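Could you walk me through this structure in my viewer, one selection at a time? I am new to it and would like to know what to look for at each stop.

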Protein chains: 2
Amino acid sequence: MPLTDIDAVVFDVYGTLLDVDSIEARRREVAPEAAGLVGLWRAKQLEYSFVRTLVDDYVDFWAITEAALDYALATLGVALDPAGRTQLLDAWLALEPFPEVPAALAALEGRPLAVLSNGSLAMLDAALTHSGLKSSFSAVLSADTVRRFKPHPAVYALAPAWLRTPAARVLFCSANGFDVAGAQRFGLRVCHVSRGGTPLDPLGVEPDATIRSLAELPALLGKGA
Amino acid sequence: MPLTDIDAVVFDVYGTLLDVDSIEARRREVAPEAAGLVGLWRAKQLEYSFVRTLVDDYVDFWAITEAALDYALATLGVALDPAGRTQLLDAWLALEPFPEVPAALAALEGRPLAVLSNGSLAMLDAALTHSGLKSSFSAVLSADTVRRFKPHPAVYALAPAWLRTPAARVLFCSANGFDVAGAQRFGLRVCHVSRGGTPLDPLGVEPDATIRSLAELPALLGKGA
């Protein structure tokens with residue numbers, strides 16, 4: 001059954017629109033011996049964004065990403081020259097969209113679309129430009145403007161403020177469980193993007209919809225695909 | 001150089017006083033085929049405690065631990081009967097102290113000592129009783145009483161409130177980087193317990209002291225070991 005009364009659709013970026021798996025391919029080139037690096041890097045990137053928000057000591061997502069990489073390198077005992085470190089970090093600026101994303105966004109044309117991400121504006125600008133998605137969006141909403149990271153409610157509040165519409169008329173799409181929980185607790189409508197049928201983190205929320213890829217989104221909003 | 005003007009010493013529990021590595025031994029008995037289970041379980045336990053606090057939707061640490069285990073089992077496709085699940089969960093109630101801990105706590109006798117943990121009181125009671133440490137402490141301070149998890153400042157505030165002493169006269173000891181950051185941002189004095197020389201998460205804080213085990217603590221407080 002289509003969702004009704006939706007004024008705008010807002011998307012998480014990393015892992016929802018853009019595929020972060022290419023970071024692992026970059027790692028294999030730059031640091032072929034460091035098998036567990038990307039897993040630890042991303043876990044620490046997530047942890048640091050949560051912790052910095054909880055202790056109210058903000059630095060932007062690029063600084064978080066750098067600190068998490070440096071910790072992962074130190075913990076695994078991987079020596080990397082500055083050029084290699086830069087190559088790994090820059091992978092965040094050159095992510096590819098999931099294959100269905102460009103067509104799905106095109107099919108939603110006419111409706112206001114935005115991204116809402118923990119990434120800094122510079123990171124988002126680079127990644128959305130590289131992936132060719134930037135012109136699909138009328139707003140790039142970044143946690144950096146409120147100096148807290150998702151799932152803090154202040155970040156989700158950017159979406160209804162942008163549109164001057166009630167939170168319940170905004171549909172937020174994310175593949176990340178913590179993001180689904182945060183958006184729903186704030187009061188947005190939420191669509192969980194479960195590629196490959198990955199289970200939703202059991203955080204006490206039930207999304208308004210669950211789809212296997214963004215290709216299902218136009219139909220969910222009552223537009224034939 | 002010894003730390004001066006310390007009225008009380010407060011300890012994190014899991015990973016600082018009690019060794020959580022025995023959970024992996026239990027896993028090998030109960031679910032020998034599920035190699036990555038404990039790592040994912042603990043990562044999700046940590047993540048859910050952060051997320052539940054950020055979105056202000058508290059459940060206690062036992063419920064967090066159950067949800068994290070169930071997610072890890074589902075994600076890895078591990079089928080476990082209810083008895084096996086209970087055995088894994090109950091490992092949290094039967095952790096052993098790190099070897100130096102009983103003697104280190106005995107050497108601090110005469111000074112008020114407490115634990116400050118994300119664990120629920122029931123979990124802490126069971127684990128401190130099993131490990132034989134309970135009688136060392138004059139207070140068991142649990143995140144459950146403020147319905148938020150560390151590193152939220154409300155949890156650290158329990159320590160000076162318990163003693164009616166300024167935060168800067170309380171020494172907090174933890175092996176966990178997020179906990180070092182949270183305690184220091186709140187205003188406690190902080191000692192990082194770095195067993196095996198593990199690097200401190202780069203969260204912008206510098207602990208007042210770093211020790212390799214709690215055996216160094218009496219000397220740090222100006223008492224010969």
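Contact here means heavy atoms within 4.5 Å, and angles run from 0 to 180 degrees between N-to-C directions. Keep in mind as you look around that this is a predicted model.

**Stop 1: a helix on the sheet.** Select helix α6 of chain A, residues 121-130. This helix lies across β4 (113-117) and β5 of chain A, and its direction makes an angle of about 140 degrees with β5(A).

**Stop 2: the sheet itself.** Now show the strands of chain A. Six of them form an open sheet with parallel pairing, in the order β5-β4-β1-β6-β7-β8. At the edges you will find β5 (139-142) and β8 (209-211) of chain A, each pairing on one side only. Between neighbouring strands of this sheet, the average turn is 25 degrees, direction ignored.

Zoom in on β6 (residues 170-174) and β7 (residues 189-193) of chain A, a parallel pair with four bridges. Pick Ser174(A), and look to His192(A) for its bridge partner in β7(A).

**Stop 3: over to chain B.** Select strand β7 of chain B, residues 189-193. Is this strand enclosed or open? Five of its five residues are buried, so β7(B) is largely enclosed by the rest of the structure. Arg189(B), Cys191(B) and Val193(B) sit on one side, with Val190(B) and His192(B) on the other, and both faces are covered. Strand β6 of chain B (residues 170-174) pairs with β7(B) in the parallel sense over four bridges; there, Phe172(B) has Val190(B) as its bridge partner.

**Stop 4: two packed helices.** Return to chain A and select α1 (residues 22-30) together with α4 (residues 82-90). Their axes are 9 Å apart and the packing angle is about 165 degrees, which makes α1(A) roughly antiparallel to α4(A). The crossing of these two helices, α1(A) and α4(A), is right-handed. To see the contact, show Arg26(A), Arg27(A) and Val30(A) from α1(A), then Gly84(A), Gln87(A), Leu88(A) and Asp90(A) from α4(A). Two of these contact residues are nonpolar, two polar and three charged.

**Stop 5: backbone details.** Find the peptide bond between Lys150(A) and Pro151(A): it is cis, with omega about 10 degrees. Pro151(A) belongs to the loop between β5 and α7 (153-156) of chain A. In chain B, the bond from Lys150(B) to Pro151(B) is cis, with omega near 10 degrees.

Finish with Arg164(A), which is not a glycine but has a positive phi of about 50 degrees. Look for Arg164(A) in the loop between α8 (158-163) and β6 of chain A. Its relative accessibility is 78%, so Arg164(A) counts as exposed.

How values were computed
Residues are numbered from 1 along each chain as its sequence is written. Chains are lettered from A and ligands numbered from 1 in the order in which they are written. This is a predicted model: local features need pLDDT of at least 70, side-chain atom pairs count only at pLDDT 80 or more; totals for chains, interfaces and linings use all residues. Side-chain values use heavy atoms; hydrogens and water are left out. Angles under 35 degrees count as roughly parallel, over 145 as roughly antiparallel, 65 to 115 as roughly perpendicular and the rest as oblique. A crossing is left-handed if the near helix is turned anticlockwise from the far one by less than a right angle, and right-handed if clockwise. Ala, Val, Leu, Ile, Met, Phe, Trp, Tyr, Cys and Pro count as nonpolar, Asp, Glu, Lys and Arg as charged, and the others, Gly among them, as polar. Buried means under 20% relative accessible area, exposed over 50%, partly exposed in between (1.4 Å probe, protein chains only). Two strands pair if DSSP finds at least two bridges between them.
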